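Visitor: Could you take me through one part of this model closely, and then show how that part sits in the whole? Please give the cut-offs for your terms as you go.

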Amino acid sequence: PQPRLATASTTVGMAWGASKGDPAGEVARSALAFVNEVIAAERENGREESPSDSKMKETISGNETIPPGEGVHKAVLQYSKSILRCKRASSLQEVINPVATPTILSGAVSGNSIGGEKAHGKSKKNKQSSESSTSTSEAEREEMEERYERVVLSVLCGLGWMVSCRPEVSDTTETYASIQSFRYSENHFFPEASSIVRLMQSSRGSFRREAFALVGKLCQFARSVVLSDHAGDTSPESQNDNMLPLGTLIPSVLSAERDPTIFASLMEMILTYIAVFQGNGNDPWKYLDPSLFTKSLSKTVRRACYGAPAIGWGPTILPIVASLPILDVATEPNHDATEREERMKGTEVRPLPLLAVESLWDGHKSAVGVTDTAAIVSAVIECVTFLMLRRPKENHPQFSLDCWRKCGQLLLESLVYFFMEAPDSGYGPAAASLDGLCTTLSRDILKLDTASCDEGIGDRGVSNIANWLWGEEGLQSALFRGKNDSQKVRKLGCLLKSILIQCNEADGMKPKSLIPSFVNFFHVIILSSGDRSNK
């Protein structure tokens with residue numbers, strides 16, 4: 001009968017989500033054991049079995065999930081779709097199907113992860129009849145909200161695991177986008193795009209964080225939900241309502257986000273989305289407005305992602321910047337002439353990648369501590385080094401001379417920060433971040449120095465500013481900025497030591513343009529020390 005099928009599907013879907021996302025370890029372990037039993041029974045019944053599955057099942061450990069079969073796959077998708085449709089806690093119980101006969105597992109999951117009918121009934125018996133008949137108590141409302149959040153989070157986590165366990169493949173005949181519609185099969189369900197979008201824009205930070213993580217997995221393993229079809233056709237006429245409108249969502253959610261605990265998963269989702277398009281030979285900027293995105297990204301990194309640990313989001317900046325087209329706010333075709341004219345007033349036109357890196361540099365002033373500041377400065381160094389060493393292509397033409405100089409200036413400002421602002425010593429994570437900054441500086445300065453002396457790099461940015469970068473107005477000016485105290489000398493010694501280590505590890509890389517500047521600096525230091533001794 002249909003009610004029993006619905007109950008079985010709910011129980012399996014509930015257990016799958018609890019096994020992956022329930023915070024209670026005992027609940028997760030019990031749910032995992034039940035899920036593995038269901039999957040094993042499905043395979044033994046001959047519904048889905050292959051030699052590779054049998055071999056994998058022999059090597060599976062007690063803490064891992066056996067690859068799910070078609071029955072479990074359908075049940076999880078159906079349950080996930082029903083749960084994610086619930087917009088409030090009061091509508092959750094109708095989906096859970098309270099009239100079903102509880103099994104040992106469903107009792108454990110519903111009693112611990114969802115609250116359970118038994119616990120709910122017991123709490124109602126302990127209340128006075130007058131109170132229970134008039135209104136729901138405050139404690140019950142809090143319990144419902146906690147239950148709702150716990151279930152939705154476990155479903156989001158479990159759905160991400162499901163698409164990673166059963167990803168779309170190149171020869172698949174049925175994609176996740178196709179099973180979103182009832183017309184394909186009444187037993188196939190996948191959460192509507194509207195449900196996921198609502199959670200990405202939820203007022204609950206926990207929902208947004210887990211929704212971003214889910215979308216990142218959808219980009220990897222369920223590309224049909226992100227691209228127009230599995231083959232990668234991204235033409236506008238092929239778009240449908242079942243697809244996630246990430247091109248319009250990403251700038252808005254990035255600009256609106258303030259929770260520092262969410263930025264790592266949000267930036268990872270954005271990077272994965274861009275990589276999916278590029279991996280399919282498509283241009284992500286056909287659907288993601290590069291100017292609007294750069295504006296949102298710049299606003300966010302200028303505030304150091306509102307205190308989010310830079311070690312979580314910093315590494316994503318370089319590949320994002322590398323993928324940005326070289327357009328500027330004055331020539332971007334998606335803006336009319338009036339807006340372009342207004343944006344031009346009183347501002348210097350910058351290519352989008354440079355705009356993002358300049359904002360990132362401003363963000364080091366908003367960082368919470370030394371560890372985050374050093375991580376942000378390291379990201380700036382990596383970005384400008386990449387831009388100055390990248391060969392021009394159709395999508396990445398040359399910058400203007402002023403823009404190349406700005407890239408070089410950001411590199412020199414990062415060097416000045418290391419000499420004058422960064423602590424001379426530290427402990428724990430702070431010390432490790434400063435060591436990492438020194439390593440990044442030495443590695444990238446050496447790369448630029450080596451490239452500047454290469455006659456075959458005339459088309460790269462560093463060749464346009466080599467004389468300025470390593471001359472009196474560039475590196476030498478940066479070295480002599482501020483006091484030439486013992487702290488600066490010690491840091492310069494650490495930098496030179498790191499450069500020598502880099503030279504030993506990479507054959508053929510030797511500092512050339514750096515040597516005159518460093519010799520001149522130490523010469524001045526020695527002379528000033530002699531003058532003080534004579535006095």
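Guide: Cys305 is found in helix α15, and Ala304 belongs to that helix, which covers residues 304-307; helices here are DSSP runs of H or I with at least four residues, strands are runs of E with at least two, and both are numbered from the N terminus. The model is a predicted one, in which local features need pLDDT of at least 70 and side-chain atom pairs count only at pLDDT 80 or more, while totals for chains, interfaces and linings use all residues. Residues are numbered from 1 along each chain as its sequence is written, and side-chain values use heavy atoms, with hydrogens and water left out.

The backbone of this part deserves attention, for Ala304 has a positive phi of about 55° although it is not a glycine, and phi of Cys305, likewise a residue other than glycine, is positive and near 55°. Ala304 counts as buried because its relative accessibility is 3%, and Cys305 counts as buried because its value is 0%; the buried class lies under 20% relative accessible area, the exposed class over 50%, and partly exposed residues fall in between, with a 1.4 Å probe and protein chains only.

Both residues meet Trp313, which, residues up to four places away in sequence not counted, touches Phe263, Met267, Val301, Ala304, Cys305, Ala308, Leu360 and Ile376, where a contact means heavy atoms within 4.5 Å. Trp313 is in turn one of the residues with the most contacts inside the largest nonpolar core, which has 122 residues, and it is listed there with Leu246, Ile270 and Phe293. Such a core is a set of buried Ala, Val, Leu, Ile, Met, Phe, Trp, Tyr and Cys residues joined through side-chain atoms within 4.5 Å. A second, separate core of 13 residues includes Val12, Val35, Ala75 and Met162.

As for the cysteines, Cys503 is also buried, because its relative accessible area is 13%, and a search of the whole structure finds zero disulfides, a disulfide being a pair of cysteine sulfur atoms within 2.5 Å.

Turning to the whole, the protein has 27 helices and zero strands, and 48% of its 535 residues count as buried. Among contacts between residues at least 6 apart in sequence, 75% join residues at least 24 apart.

Apart from residues up to four places away in sequence, Asp449 touches Trp470, Lys510, Pro511, Lys512, Ser513 and Leu514.
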